[in-house]
Amino acid sequence: MSSDGLKAATAKMREAGVPDLAVSVFARFHDQLRSNVTGTIPESTIDPLREVTHLDDVRPGEAEVAQALARTVVVKLNGGLGTSMGIRGPKSVLPVRDGLTFLDIIARQVLALRQQHDVATPLLLMNSFRTRVESLALLEPYPDLAVDGLPLDFLQNREPKLRADDLSPVEWPEDPDLEWCPPGHGDVYVALQTTGLLDALRDKGFRYAFLSNADNLGATCEGAVPAWMAREGIPYVTEVCERTVNDRKGGHLGVRRSDGRLVLRDSAMVAEGEDHYFQDTDRHPWFHANNLWVDLDVLAARLAERDGILGLPVIVNRKTVDPTRPDSTPVIQVESAMGAAVEVFDGSRALAVDRSRFRPVKTTNELLLIRSDLYRLTADSHVESTIDHAEPFVDLGSAYKLVDGFEERFPSGVPSIRGCSSLVVEADATFGADVVCTGDVRVAGGVRTIPDGAHLEGRV
């Protein structure tokens with residue numbers, strides 16, 4: 001296959017003003033794609049990660065925590081549109097709890113952290129070209145959020161979607177914006193460099209960055225981690241949680257046999273025929289929470305050594321140019337995962353954390369859980385569990401898959417599920433106010449209405 005597709009793609013990027021470093025990273029991935037590099041990690045090349053230090057075992061004193069937090073910046077990945085949930089606009093502007101959006105809660109968490117520890121920890125959103133305007137507008141009611149001399153956000157880079165047949169940049173005149181895509185959240189390291197923020201943060205004395213997804217409300221800035229990094233000279237920390245059957249398709253860490261380094265293996269990196277190894281929660285007991293901590297000085301040094309290219313593994317994502325139209329042109333998006341940087345740094349460590357630090361909202365099932373009486377917001381805007389047992393299993397039918405359909409069917413709020421062990425809704429049901437679910441609940445049938453104050457138990 002010729003390099004004509006690469007020449008056309010990089011020319012398109014330069015014409016759009018994409019920084020040279022981002023173009024170089026894309027070109028490296030394009031070369032790998034043409035050479036049939038898949039980025040897979042065969043089971044025979046890794047050993048399972050077993051022994052992991054727990055957060056509870058690295059608790060320092062308050063003075064150490066405050067000192068570390070004063071040198072830490074919070075980076076939230078905020079480029080997602082939530083198209084799988086039918087969200088129009090940034091996913092993070094969806095009201096998720098007590099009428100507050102993801103961004104409202106994140107802002108309040110950071111402001112509470114500053115007040116509690118008397119620090120000026122900055123918040124930075126990594127926005128995409130599709131999320132920036134609306135996200136920054138939502139943060140305008142928080143005038144104290146910006147830290148002097150630093151912006152509230154920076155833009156991740158963009159790259160052309162590639163035709164699956166010849167790897168040339170796709171053309172889609174109906175909506176030219178759909179010709180572009182973000183390069184995965186591994187771009188955060190490139191974007192920090194190309195925007196000048198990496199140097200600006202270090203010049204202001206910031207040493208550590210906490211990176212996490214904006215839709216994970218459990219990912220608060222825990223000062224014990226950068227304090228631990230400072231005490232032991234750790235360059236990179238990735239948080240992991242114990243895997244359950246519900247996490248079997250999520251990424252996990254392994255130990256590469258050739259050099260003993262930690263590596264991240266996502267579902268797209270599983271070798272053909274080895275999915276049973278990947279999903280074996282006994283064999284691979286820790287999943288990757290995508291909550292990361294990076295020493296900015298070490299990051300700057302690695303980027304300088306490698307001409308700005310960390311060399312993260314490529315992820316090949318196959319889609320259609322218009323994700324809402326399966327009949328549109330098949331494309332490839334070349335991406336990288338920010339968690340894959342765990343293999344780049346000497347001395348990277350995994351840190352086991354409680355499930356409370358992993359509360360993402362990827363589906364309307366999870367939206368129901370986070371809005372329910374299973375949780376409450378504390379005074380410092382942390383999402384706190386109200387139960388001492390496992391969450392109930394929730395499976396909402398297709399009528400609830402998109403947010404609009406979900407909201408229409410819960411006009412007075414979601415039901416009480418504190419005493420529920422499972423809630424399966426097969427019917428197209430609209431729930432009234434103050435509905436209570438107990439035990440295993442299955443709502444079957446066709447179109448129906450659940451009246452106000454109903455008590456559901458068993459098959460309804």
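**Exercise 1. Classify Arg 256 and Glu 343 as buried, partly exposed or exposed.**

Step 1. Arg 256 has 23% relative accessibility, so Arg 256 counts as partly exposed. The cut-offs are these: buried is under 20% relative accessible area, exposed is over 50%, and partly exposed is in between, with a 1.4 Å probe and protein chains only.

Step 2. Glu 343 has 17% relative accessibility, so Glu 343 counts as buried.

Before going on, note that this is a predicted model: local features need pLDDT of at least 70, side-chain atom pairs count only at pLDDT 80 or more, and totals for chains, interfaces and linings use all residues. Residues are numbered from 1 along each chain as its sequence is written, and side-chain values use heavy atoms, with hydrogens and water left out.

**Exercise 2. Find which residue pairs with Arg 256, and where the two partners lie.**

Step 1. Side chains of opposite charge can pair when their charged atoms come close. A salt bridge here is a side-chain nitrogen of Lys or Arg within 4 Å of a carboxyl oxygen of Asp or Glu.

Step 2. Arg 256 forms a salt bridge with Glu 343; the closest N and O atoms are 3.3 Å apart.

Step 3. Arg 256 is in strand 13 (residues 252-256), and Glu 343 is in the loop between strand 17 (330-335) and strand 18 (349-352), so the pair ties together parts 87 residues apart in sequence. Helices (H or I, at least four residues) and strands (E, at least two) are DSSP runs, numbered from the N terminus.

**Exercise 3. Describe the pair formed by Asp 346 and Arg 261, then name the network.**

Step 1. The closest N and O atoms of Asp 346 and Arg 261 are 2.2 Å apart, and the two form a salt bridge.

Step 2. Asp 346 sits in the loop between strand 17 and strand 18, and Arg 261 in the loop between strand 13 and strand 14 (262-265), 85 residues apart.

Step 3. Asp 346 is partly exposed at 48%. Arg 261 is partly exposed at 24%.

Step 4. Arg 256, Asp 259, Arg 261, Arg 302, Glu 305, Glu 343 and Asp 346 are linked in a network of salt bridges. The whole structure has 34 salt bridges.

**Exercise 4. List the buried residues of helix 8, and say what follows the helix.**

Step 1. Helix 8 covers residues 224-232. Ala 224, Val 225, Pro 226, Ala 227, Trp 228 and Met 229 are buried there.
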